[in-house]
Structure formats: C-alpha cells, structure tokens
Amino acid sequence: MQQSITDNLTPSARLRFAFNLPSGWTLAAAFVALIIATPILTILGFLFYPSSDTWQHLADTVLADYVINSLLLMLGVAVGAGSIGICTAWLTSMYSFPGRQIFVWSLLLPLAMPAYIIAFTYTGIFEVAGPVQEWIRESFNLRYGEYWFPEIRSLGGAICMLSLVLYPYVYLLARAAFLDQSICALEASRTLGCGPWRSFFFVALPLARPAIVTGLSLALMETLADYGTVQYFGISTFTTGIFRTWFGLDDSVAAAQLSGLLMTFVFVLILLERWSRRQARFHHATNRYRTIPNIKLPSLMGWIATTACLLPLFFGFLLPVGQLTQWAIATFGEMVNDSFYELMMNSFLLAGAAALLTLIPALILGYGNRNHATPISRFLVRLSGMGYAIPGTVIAIGVLIPFGILDNGIDAWMIKYFDINTGLIFSGTIFILLFAYMVRFFTVSLNTVESGLGKIRPSMDEAAKTMGYSGIKILRHIHLPIMKGSLLTALVVVFVDVLKELPTTLVLRPFNFNTLAVRAFELASDERLADSSTAAIAIVLVSIIPVVLLSRTIAHSRPGQPQ
Amino acid sequence: MNHRIRPLIPLLVLTLLSASTLAAEVNLYSARKEALIKPLLDKFTAQSGIKVNLVTGKAKTLLKRLQSEGRNTPADILLTTDAGNLHAATTANLLQPVDNTTLKTIVPHNLRDPEDHWYALSIRSRVIVYSKERIKASELSTYEDLADPKWKGRICIRSSNNIYNQSLLASMISHNGIKPAENWAKGVVANMAQSPQGNDRAQVKAVAVGVCDIAIINTYYMGVMLHKDADQKKAASQVALFFPNQDGRGAHINISGAGIIKGAKHRENAIKLLEFLVSDEAQQWYAQANHEYPVKAGIPVSKIVNAWGYPFKQDSLNVGELGKYNTDAVKIFDRAGWR
C-alpha cells in the first residue's frame, strides 16, 4: 500500500518519507549497533575458546554459590527497588500530601550515590565497631554477642544498599508512565466499580508495565554488574567470581567465559520478558488528557504517605550524605586544592561528553528500528545493550582488545609501507574511554529513547505527512516536544552514571587523568573514609543540578499538562 | 577549515605526541594507589627534572592493558603491591631484565627476581594480632597452630579474594606442600569466628570489640591505625602484634616492587626512578609515612613499627615463589570453603 503511494510521488516528496523508509536508517542502525556490540562480541567470543580445567574446579567448588547468591541478590533488589520505586512514583503522581512537591524531585537524589560509597558509609555507621553498636554496648552495659544487631556485611545488607541507590530508576520510569496514563482509563475503571487499590493493580500497573520493567531491568543489570559492594561485604556472587577467576586463578579466558555466560543469562531474561508481552502494544488509545486531579489524602493517610516517601530518601541519601559531610568537615581543607577542582572539571566534562555521545547512537537505533525492524536488527540492538549487565572492568577489557589489535595493526601496516611509526592511536586516550562509556551505558539511552518514541503513535506521523510536513518538520514540531522528557532523561541518567563510574575509568584512562570517582574509591578502599568523603560529596553535588532539572521536565512533560 | 580551530592544531598534535616523545619523562603503571606513591614521585621529579606520568589501577587489569597495547605500550615501569603480580608479569613476558649494580646491592636476594626482571621497594609482613585483654602472647606460636581446634570460633580473617591471604597460603604451599596447606586452610575455616568480611582494619576492630580473639593482618594497617584518627587508635591500642614462626622459618613477608617494561621507551629514566625508590630518602618515606619495612639495610623504621620489635625473623623464601603458587592457593581456598 505504502509502496504505491510513494511510487506516485515526485522525488522530493519521496524524500519526505525518507526518515520513515527502511534502507538508510536501518542500515545505519545495524552498523552503529555492530560497532557498539564489538566489545560485547569480543567477550562472547571467548565462549568458543576451549575451556580449561578451571571450569571443572569451579563447578566442583564455588560455582553454585556464585549463581545462588547472584540470584538471591537480584531477587532481593527486584523486590526492594521495585516496591520502593513503584510506591513512591504512584503516591507522588496521584495524591497530594505534605511535602509532595519536594519528594517529586528529591526522591531521585539517591541516584547520585555510588553503591560502593553508600556501602562504605553504612558499614562505618552500623558495623560492630561503629558508633551505633558502640552506643548500644555502652548505654546498656552489654558485650558483643549479648544483644542482637543485623549484620551489615551480609547478603541482606547488600540487598538494602543496592535497593536504596537503584530504586530511582524504577521511580523515574514508573512515574513518567503514571503521569502519561490517561486519567480516563483510571476513571473508567472506577466507574466500573474498582476501588483505588483495584484500579492501581489492574489498570495503572499493567499499563505502566513496560516502563516499570525497563526501570527494573536497569536496576538489576546494575546489580549484576556491581563489584564494589559485594566484594566489600564478602559475598561470593557471579561478579566476584569473575574477578576471582581472573585475578586469583589467573585464568582470564575462563573469567571472560563467565562474563559471557552472565550476558547470555541477561539476554535470555530480556527476550523472555519481551516474549511474554508479545504483541501487546502500549500506545495510548485515547487522546483525552486532563490534568491529573491529585487526590488530597486525609491527614493521617497523608502523613503515612509522607513517611513512605521520606524513608527511602532518608536512608538512601540524607543519612549517608550527613555522615559523609561530618567526615568531610574534618578533612575538607586537606583535600580541596587546585587538583581537586581539576578532578571536578574532568568528571563534569567527561560525563557531559559521554551523555551526549551515547544519545546519538541511541537515536539512530531508536529511529532505525521504529517502523522497520527486522529480526536481525532487533537482535543487534538488544545485543548492543548488554554492556550494562557486566562489570565495567570486563567491558574495559572488551574495548582494550579490539583497539589494541586495531592500533598495532595500523602501526605495523604504516611501518611496512611508509616506514612511519604511528604508535598507539586510540589506546590510552580519552576517546577510548568515551567509547567504553558508550558501550556500557548504551542501554540506558536506548531504553529511554525507545520509551519516548513509543509515545509517538505512527498515526501522528501519518497525519502530519498528509498535511505536507517534511521529515525535518515532523521531527521538530511533533517528535521533539513529545520526546523532550525522554531525551533529557537519557542525558541525565548517563551523566550521573558516568560521574560515579569507576572500574572502566580506572582501566582505560590516560596518564595523569583522575576523576572524582577514582579519587573517592582509591581513598575509601584504603579505608580512609574521612579522606574520601569530600570527593564523594562532590559527586553528589555535581549530580544534583541535572537531576532536579530532569524531574522538573518530567513534571511538565505530561500530555495535557499546562507548559 | 575554520580559522578558529586552526591555531589549536599544533596543540592537538603536541598532546597526541606527548606520550611518545622522548622528553625527560617516565611513564608508570602503578597498582599502588596515587596517595601512596605520588608524594615520592614528586620528590623524584624535583630532584631529577624527570616528569613522571602516572596511571593507577588494579595489578591484573594493568597487566591486561600492557598485553593489549603490545610493543607500542607507552608504559616504562610496572609497580605492584605484591610479588605475585610481578611474577605473573614476568611469566607473561612483559618485563625486561635490568642488571643494575645499585639495585642489586641494595635489594636482598630473596626480594628480587633471580633473573633481574623486578626488584622489591618495600616490605610488609602478615602477622597475628591478638586481644591484650583475653590472650597471652605465650599462647601464640606459628601460622600452622591457627588450624588447631583450640582456636575454634576465635579467629578473624578477611576474604580469600585478597592477594595477601593468597600469598600467605602460597608460602605455606611452598614450605609444607599442597596437602598440608589445604588441611591448614580447612582448619582455619573451622576456627573462624565469622564469615570473612571487611578488610584488615575491620579485623583489628573485630578483635578489639570481642568478635574474635585473634586476627591475621598486614603490619602497616596497624601502624596507620595507631598513627591516625582517634576511634581507630582506640581499637588498635586494645590489640597487640605477634610475629609468628620466629623459632622456625620466620614471619611471612610480601613486597611492593617494580620492573621495567619490555621495550620501554624511557629505559634510562625508568632505571633512575627505581634507583631513587631504593635510595635512603625514599626508603625512609616508606617507613615513616606508610609504616612499611624498608628493603635497604640500616634505614630506621617508624617509632610505632619499632615498638613491635625490629628486626624480626623474616621468611627467607624468594617472594617470586608466592606468584608461582598463587593459583594453587586460590584453588585450595575454594575447596576449603574460605570465602
């Protein structure tokens, strides 16, 4: 049908359809996906290496522990981050209660907390020799073992730490989804006799499912990739296993194979989720939007809602930042000097550049796959998003290897034919670092761009085309306003992620190049918590501005919302 | 081309070339963290006029980076905080031998590679600390004794992911053999007061609070704890330090050390830096600032370290052996259920 329409058009009119036609975009998308997937394919490639006797050893001893602990950790974080994120998102979207205006943006703040920093901080407060247990022992004249206190360095502790810093992903996406829902659907459900709980569980929640799943999958992928927290708490997970196999057993092939397995597992999980949704699409079926009338909660319920929002904010942000500030006051003068400002600049510019750079391929892939996705291109897109699920160090190796081959190949070729020694062109530069960030955080950008594109019904494009809008005009006047919130989300989340990113930076950075995260981690891992606190607080401070900006845009992005 | 960009080109070219030119500089990959090496490097630059470019990171990832960068790597020196990784770098053919009289005179035989690929720069010992309140020094004797059932539920030690635990077990494999080492690891696991967690300082605190009676830690952590902030000082002052195996082979030691990369473009400067790092001034810095033991004879240790007893009997095993048995050690830990 479409074919016959375009056939009858002039060449220039045909161009108007250009961005919607398969060949160009799809090809570009496949190419971009392939480049981003190179490090991932490099790691997966190790699966085809012959396996060493390390595997037999792992299977005989620790592999089961790795798998079970990782699964438990994932399950715990899914429940923890999921329930906190969905609850707070629902409350702040639908109801009015004391402090709501502040919670709307401040609930995002824990996003700025690197997981290893919060783990170090909580350990400092709650460990057996920390001030809290000390106080208990002194006030009640007890000795160790005569009272019960939860062990912070445990699987449960790790689940709490990760849930506290990862729930904002769920909150962010669930809230955007709740705000986007047509109030009419909810009202219809109410007229059909559903109470508020039933409408939530049977209408709002299923409608927001794609967004919640996206948020949860980001949180869980980050959970699987986490090394700092579990390592510090002494929990053997799949990730610590990868590093133990590599660093301890000195078998980097088996370590890469473990990483490959981890990726395959995540890949299958994502495919399963997509399959379970099958043909269901979640475009809005109605054009009727009204401002959501925030239901005012009666005073007792209102305060309960306030408490429910305050708790994650308090434990995920206020308490650790308070402790860090207390430490920082003592060491501030020593730590802040010219080189510290340089650290801040480095971190800020790096995060900014990475956020922008990651958005470009996300847009290309998002559009490329929008209307003309082939199974192969869909597969490539999912594959290129795997970087988020494996530890940064492994990604770094996946980046190092192909670039090493490329650099040394160019060098050898240039020497052979021109007698020019080019040395390493990419390795050891900022470029390779930015590329690694792109690989690692690509899925964050892509998911948000895709969820933005999902809001643009194909019929909108078609309507615009019938009115003679060009491709560019459609992008500017229709897509951009609708996508604005999503694009900003992609930028901010990647920005904050890069700001706190550690392992990739550590492996790939050029000489004499430090970031706030590197500084904070080096000091903290040496148990110099007080010294590391200034850098940790700086990470949080630099993140706050974009995070606040983001939440404002989301609040205004709802269709039908007065701008 | 836009003429606003044009003036920037020389600058760009300069930045690109700066890593590969033969200026007065030396490029260092360091597994020692910046705060624990930069002050020394600054001193070296001030004295020699040679600029030191630094990347820090975990030893094994630095090795991987060296491997993928291949013969074009800009790095001249690899510096690690344990012998095992220097051994691994040598086996991976990444280091070149350096036959240097100064280094060979200062660094004792057992603290350098028999084929001159690497040299130790400082020494740390892995020892027992015990609660002054609950334990008498006379109850302690050797590492081997820690597997004795009398210590059931009384020992704290960190995870076996840690390289220092791996090296300790590697030394026991080298001295006693695989099977006895495995029995020892199993014995210690049975005696643990809690599952391994936290780092060495956390073990000291655990002893102080009463979670356990004894713990195994590296010496300099105690030094830093006693030296620095008040609350850690309190914990550290409740425990005492014991050098095991003094009647036998001596206490287990490990090193921080360095080797020169194969094909290093600033070989001469790199050797100068290594010579500086074993000089009196640098050796004193290791001893005073981080409470490590100097490799050079005759350099005084810090006051705190001296109070524990110095010199003490050190295991004279060549520290390269620790690297040789590292994989075996990790496998034993896995089999023994030592997390």
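This is a predicted model: local features need pLDDT of at least 70, side-chain atom pairs count only at pLDDT 80 or more; totals for chains, interfaces and linings use all residues.
## Where the chains meet

Let's begin with the place where the two chains touch. Here 45 residues of chain B are in contact with 42 residues of chain A. Four elements of chain B each give two or more residues to its side of this meeting: strand 2 (51-56), helix 3 (59-69), helix 8 (200-209) and helix 15 (326-336). What kinds of residues are found on that side of chain B? They divide into 13 nonpolar, 19 polar and 13 charged.

## The cores

Next, look inside. The largest nonpolar core holds 162 residues, and A:Val170 and A:Ala174 touch the most other members. Helix 9 (residues 155-180) of chain A gives the most to this core, with 19 residues.

Apart from its neighbours within four places in sequence, A:Ala174 is in contact with A:Gly85, A:Ile86, A:Ala89, A:Ala208, A:Ala211, A:Ile212 and A:Gly215. There is also a second, separate core of 108 residues, and its members include B:Leu40, B:Leu111, B:Tyr119 and B:Val301.

A:Leu166 also lies in helix 9 of chain A. Is A:Leu166 buried or exposed? A:Leu166 counts as buried because it has 31 C-beta neighbours inside 10 Å, and the cut-off for buried is 20 or more. Leaving aside neighbours within four places in sequence, its contacts are A:Val77, A:Ala81, A:Ala219, A:Glu222 and A:Thr223.

A:Leu166 and A:Gly392 are 226 residues apart along the chain, and their C-alpha atoms are separated by 17 Å. A:Thr325 and A:Met94 are 231 residues apart along the chain, with 34 Å between their C-alpha atoms. A:Thr325 itself belongs to helix 16 (residues 299-335) of chain A.

## How surrounded is each residue?

| Residue | Other C-beta atoms within 10 Å | Class |
|---|---|---|
| A:Asp250 | 21 C-beta atoms | buried |
| A:Thr325 | 15 C-beta atoms | partly exposed |

## A helix with a bend

Where does helix 22 of chain A bend? The bend, of about 55 degrees, is at A:Leu480, and a proline, A:Pro481, follows within four residues.

## An enclosed helix and an enclosed strand

Helix 14 of chain A is largely enclosed by the rest of the structure, because 11 of its 11 residues are buried. Among them are A:Phe238, A:Arg244, A:Trp246 and A:Gly248.

Strand 7 (residues 214-218) of chain B is largely enclosed too, because 5 of its 5 residues are buried. In a regular strand, side chains alternate between the two faces of the sheet. Both faces of strand 7 of chain B are covered: B:Ile214, B:Ile216 and B:Asn218 are buried on one side, and B:Ala215 and B:Ile217 on the other.

Which strands are joined to strand 7 of chain B? Strand 5 (residues 118-131) of chain B runs antiparallel to it, joined by 5 bridges, and here B:Ile128 stands opposite B:Ile216. Strand 6 (residues 155-156) of chain B pairs with strand 7 in the parallel sense over 2 bridges, with B:Cys156 as the bridge partner of B:Ala215.

Most residues other than glycine have a negative phi, and most peptide bonds are trans.

- A:Asp250 has a positive phi, near 60 degrees, and lies in the loop between helix 14 (238-248) and helix 15 (252-277) of chain A.
- B:Asn93 has a positive phi of about 65 degrees although it is not a glycine, and is found in the loop between helix 4 (83-91) and strand 4 (95-96) of chain B.
- The peptide bond from B:Tyr310 to B:Pro311 is cis, with omega near 0 degrees, and B:Pro311 sits in the loop between helix 13 (303-307) and helix 14 (320-324) of chain B.

Key:
Residues are numbered from 1 along each chain as its sequence is written. Chains are lettered from A and ligands numbered from 1 in the order in which they are written. Two residues are in contact if their C-beta atoms, placed from the backbone, lie within 7 Å. Ala, Val, Leu, Ile, Met, Phe, Trp, Tyr, Cys and Pro count as nonpolar, Asp, Glu, Lys and Arg as charged, and the others, Gly among them, as polar. The bend at a residue is the angle between axes fitted to the seven residues ending there and the seven starting there. A nonpolar core is a set of buried Ala, Val, Leu, Ile, Met, Phe, Trp, Tyr and Cys residues joined through C-beta atoms within 7 Å. A residue is buried if 20 or more other C-beta atoms lie within 10 Å of its own, exposed if 12 or fewer, and partly exposed in between; C-beta atoms are placed from the backbone. Two strands pair if DSSP finds at least two bridges between them.
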